[in-house]
Amino acid sequence: MLTPDDEILSHQLPTTFDHVSQSDLRWVERVVMYGFDKSGDINVMTGMARYPNRNVTDAYAMVTTRSGAAKVVRMSTTLNPQTGALGEYTIGPYTYSIEEPLRQVRTQVAPNDQALSLDLRLTGQFETYEQTAAFHRVRGRVTEDARRFYQNGRVEGWIDIDGERIEIDPQRWWFGRDHSWGIRRGGGGGSLSEGTELQPVDLPDGVLYYMGIFQFDDELVHFAQRENSDGSRWQFEGELLYPTGSGRPHEAIIDVEHALEFRDDARVVSGGTFTIIRGDRSRSTIEVHPMTDFWPGLAGYDHYNGYASGYYRGDKFLDGFTVDTNDAEALAPVRLLSETLCDDIRLVVTVAGR
């Protein structure tokens, strides 16, 4: 089936853009925008996903306040037939627009009966940068085969909650986005039950997976790694970026050491340090002081209130709810994945050791 994307000169397969190279039902392409008021009083996360092998596309917006109240609106429809302008994607009241490739994007949620709407335009202050490719196989089964890119920038716009309009002050907000595609596992990847005739899943004793994006006036520090419960690492990536227009090329981070502390009541960081080892062997210590958190699982990254991203819900699904994230029982289904704003970050650089 032809779609608007087939107008661009970017085909890499002898088929149309509504198809991908494999039939795995987990294949998903996703965009996310996320931001925090630097006071910690309010944060927002919004995005959409497309599942070409399921004929499903869905979107969400979630706003969390310092009080712990998280207000969510979720939307879903069938993916095909696809209509609209090239670079613009609409799901119910949600619209995502690529206004300048790799530079400026916009998310809008029109007024709806869930009383959460917004209009956010993100302009990159740093260049987009790629995640190291993630490929993992367990017992012959591909569990992850995905790519992603990130960008930090300046946001303009507004958020409206229950009729109260909040104008965005770009000087007071930290904002970023990512765009991923491929096979992923978990609710956010749209995993489905594969029946009872398979070897039981081998559950690890524990996994630590964290991603750090630390923005300073003159550089952006990004790293991510995954570890087993014994501390052995099975994936790492790291990169340093400088503001757009600075002329400075990206630089490598070759290792990160961590000394983290966690809350007693949740799997959420409560403080600690990261020691960044750069390509020239110099070391930078980042001391983190968490201010506020949000949980993407509420918006569809995990199964919550009968819904997860990638589930077929017909042509015009829209729901919403408000959750008190201070309520441990209400938060329990989504506590494995959180995002945290850290303030008063102290960066200390030491001389390279030889």
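Asn305 sits in the loop between strand E19, residues 283-294, and E20. This is a predicted model, and in it the phi of Asn305 is near 55°, a positive value in a residue other than glycine. Most residues other than glycine have a negative phi. Is Asn305 buried or exposed? Asn305 is exposed, with a relative accessible area of 52%; the cut-off for exposed is over 50%.

Next, Arg139. Its phi is also positive, near 55°, and Arg139 lies in the loop between strand E10, 134-138, and strand E11, 141-161. Arg139 counts as partly exposed, because its relative accessibility is 48%.

One more backbone point. Asn80 and Pro81 are joined by a cis peptide bond, with omega about 5°. Most peptide bonds are trans. Pro81 is in the loop between E4 and strand E5, 88-91.

Now the inside. The largest nonpolar core has 28 residues, and Tyr34, Met45, Ile213 and Leu298 have the most contacts inside it. Which strands each supply at least two residues of this core? They are E1 (27-37), E3 (56-65), E4 (69-78) and E20 (317-324). E1 gives the most, with three residues.

Take Leu298. Leaving aside neighbours within four places in sequence, Leu298 is in contact with several residues, including Met62, Val72, Phe321 and Val334. There is also a second, separate core of 26 residues, which includes Val44, Ala61, Val73 and Ile159.

Last, the surface. Ile8, Phe17 and Leu86 make a nonpolar patch of about 230 Å². Phe17 is in the segment before E1 and is partly exposed, with a relative accessible area of 31%.

Key:
Residues are numbered from 1 along each chain as its sequence is written. This is a predicted model: local features need pLDDT of at least 70, side-chain atom pairs count only at pLDDT 80 or more; totals for chains, interfaces and linings use all residues. Side-chain values use heavy atoms; hydrogens and water are left out. A nonpolar core is a set of buried Ala, Val, Leu, Ile, Met, Phe, Trp, Tyr and Cys residues joined through side-chain atoms within 4.5 Å. Buried means under 20% relative accessible area, exposed over 50%, partly exposed in between (1.4 Å probe, protein chains only). Helices (H or I, at least four residues) and strands (E, at least two) are DSSP runs, numbered from the N terminus. Contact means heavy atoms within 4.5 Å. Patches are made of residues with over 30% relative accessible area and no salt bridge: like charges are joined within 9 Å, nonpolar side chains (Val, Leu, Ile, Met, Phe, Trp, Tyr) within 5 Å. Accessible areas come from the Shrake-Rupley method with a 1.4 Å probe; for residues, only the protein chains shown count as cover. A salt bridge is a side-chain nitrogen of Lys or Arg within 4 Å of a carboxyl oxygen of Asp or Glu.
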